[in-house]
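Below are some remarks on the side-chain packing of this entry. They are meant to be read alongside the coordinates.

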Amino acid sequence: MVAEKVDVIICGSGSAGLCAATWLARRGLRCKILESRDGPLHLGQADGVQCRTVEIFQSFGLSEELLRESYHVLETTFWSNHPGGDDAHKGIVRTARTADTQPGLSHQPHVILNQGRINGLFLNAMQDFNGQEVSYGFTVKRVEVDESAVADPDSFCVTVVADKDGSEVEFNARYVLACDGAHSVVRKSLGIKMVGDSTDSVWGVMDVYPHTNFPDIRKKTVIKTDLGSLLIVPREGGTLTRFYVELPPGTTAREVKLEDLQNSAREILSPYSLEVRDTVWWSAYSIGQRVADQFNRHNRVFLTGDACHTHSPKAGQGMNTSLQDGYNLGWKLAAVLRGEASPSILDTYTLERGKVANDLINFDREFARSFSSKSKPTDGHATPAEVFAQHFIRSGVITAGLATKYQDSIITMDTTHCKSAPALALATGLTVGMRFPSAQVVRHCDARAMQLAETLRSDGRWRIVIFAGDVLEAGASERLNELAAYLDSERSPIRRCTPATSDMDSIIECIIVLSGRRTRVELEQIPDFFLPYTGPFALRNLNKVFVDDESYNSGCGHAYKVYGCSEKTGAMVIVRPDQHISAIIGIEEHDVLEDFFAGFLSSAPDHAAVGGKVAMPGHR
């Protein structure tokens, strides 16, 4: 048996694996995706798509289909026992309602779409990017790491053995991703343990076509009663609905029948009626929260998704957190494999996603406990339903996927030591380590109002977002000219890291956000460096300059106010390829910028520094 050599093997074609593979395909890299099923997933168990996940789909250019096909969750209602409790008023009543996602958290909505369709969007994107496909019918049997070779970044030191039609097939890989679920063979092969516990709380879930007179059946609804709790999540298509049903104490998950779920749901919904016309899928489970004691082995095998963290499904975190594991790892692997970054950036995967997983487990314990009908008020006045509604609203930033904050590392820098300290005061609306939020700006060249996040595409590039202020002011103009001269000098990380045959913005892209009136500024007042010649015809790229100003049809986005940035001092924000903020520094902090990128970005082998204005044509 001759082993096939592959740079990256992804074990499993779930959300984490496909997201990582999409990153690789986007960067022109091939991988081997081994899936035990005989074809794509058509009916997945996960369906909630967080705001942050929708942002990720937008960054890949995939959000249009997602938003068109999905159910948009706009409002959540809360129901509980009627306060009267007598025969004339028994049953449930609505106690509160709220926006599902609080205004200002994201420019994208929370939506519902079947996991099979979510995966399909990735599959189509991979095919479009570079023809990447999934190898179906491969059951991974074991994974081994040659520890004597892990120090050599070019070694194919991981062996994956899989079964294909009754025969063993062997692969040698530089990197392996365990995306093979809660019963991960990869994790077990490496002896990595899951740590945590489970509760005696048993819930059922069913996707059904309900015939009911319950008025909020097409809203996300939480019902807490003495008989149990019920979560209703409308599905795409206008009629399909998911019910999460709390089952009575003492229930054993494996003994639950579909009729048990339907009967419990009817009792909780009383006095409203419920008739199930058809059931698409159902299951029962006991709540457990577990996390792996290791997330990688020698930075060669990485655990993602359910292979390294499991929790209850009610907060809608499972598929989203798994997908974001793959998103975090995918761009880093691509940068290393393309020779753009040091393998040391792979250390940050466990640092960042390990904390996310542990934070999620802690949050999920509290969130699942608050869902239970047995949860008690925390004070002497509020009812359990009122307590839960308040908790739900407070948790909105977490359930939207927007609470993730990555720790300091070689790619996420605490900038409080900068000369312009306190540097964080330069943009008080931004937080180092968190994702860069969006605000409306107006593109200078064509007067188009757009979200600034639209410029942060998932294409592997780093961004320096420069809040330059009003360039008609002498100080702002001087700072921007000095920055352009530095970035075009031999010391510049852009010059150092960009191959001579590549576009000047192919590794690090500069984006300018001005303040003041757009119509008072001409592009000739912007240094040439920020309008580079790019593309196959080496044409001047005018799409990198934006203004915090009113558009013709949508008003002003007040971006400087949103970001807490002073128009007088300005700021530079270094944004990672995954849209998380690496650093916030002053526009004059050239040395800090240089030292930061020197810590992990590789010098281009064919680098040839060119001084002065940006060259034309073709790429330098």
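This is a predicted model: local features need pLDDT of at least 70, side-chain atom pairs count only at pLDDT 80 or more; totals for chains, interfaces and linings use all residues.

**Notes on packing**

1. At 23% relative accessibility, Tyr272 counts as partly exposed.

2. The Trp79–Tyr272 pair links distant parts of the chain, its members being 193 residues apart. Trp79 belongs to strand β5 (residues 75-81), whereas Tyr272 is in the loop between α6 (258-269) and β16 (274-292).

3. Over the whole structure, a search finds 21 aromatic pairs. One aromatic cluster is formed by Trp23, Phe57, Phe60, Phe122 and Tyr327.

4. Charged groups also sit over rings. The charged end of Arg26 is placed over the ring of Phe129, 5.5 Å from its centre. Arg300 lies over the face of Tyr175, with 5.3 Å to the ring centre.

5. Helix α11 (residues 474-487) has 14 residues, which at 1.5 Å a residue should span 20 Å; the end C-alpha atoms are 20 Å apart, in agreement with that.

6. Which residues of α11 are buried? They are Ala476, Arg479, Leu480, Leu483, Ala484, Tyr486 and Leu487. Seen down the axis of α11, the buried residues fall within an arc of 160 degrees, so they line one face of the helix. As background, an α-helix has 3.6 residues a turn, so residues three or four places apart point the same way.

7. What covers the buried residues of α11? The cover includes the strands β22 (462-469), β23 (508-514) and β29 (571-575). It also includes the helices α12 (493-497) and α14 (590-598).

8. The largest nonpolar core has 117 residues, and those with the most contacts inside it are Trp462, Ile466, Phe530 and Phe597. Helix α7 (residues 318-337) gives the most to this core, contributing ten residues. Apart from this core lies another, of 24 residues, among them Phe436, Met450, Val513 and Ala559.

How values were computed. Residues are numbered from 1 along each chain as its sequence is written. Side-chain values use heavy atoms; hydrogens and water are left out. Rings of Phe, Tyr and Trp (its six-membered ring) pair if their centres lie within 6.5 Å; planes under 30 degrees apart count as stacked, over 60 as edge-to-face and the rest as tilted. Helices (H or I, at least four residues) and strands (E, at least two) are DSSP runs, numbered from the N terminus. Buried means under 20% relative accessible area, exposed over 50%, partly exposed in between (1.4 Å probe, protein chains only). A charge sits over a ring if NZ of Lys or CZ of Arg is within 6 Å of the ring centre and within 35 degrees of the ring normal. The expected span of a helix is 1.5 Å times one less than its number of residues. The arc is that of the directions from the helix axis to the C-beta atoms. Contact means heavy atoms within 4.5 Å. A nonpolar core is a set of buried Ala, Val, Leu, Ile, Met, Phe, Trp, Tyr and Cys residues joined through side-chain atoms within 4.5 Å.
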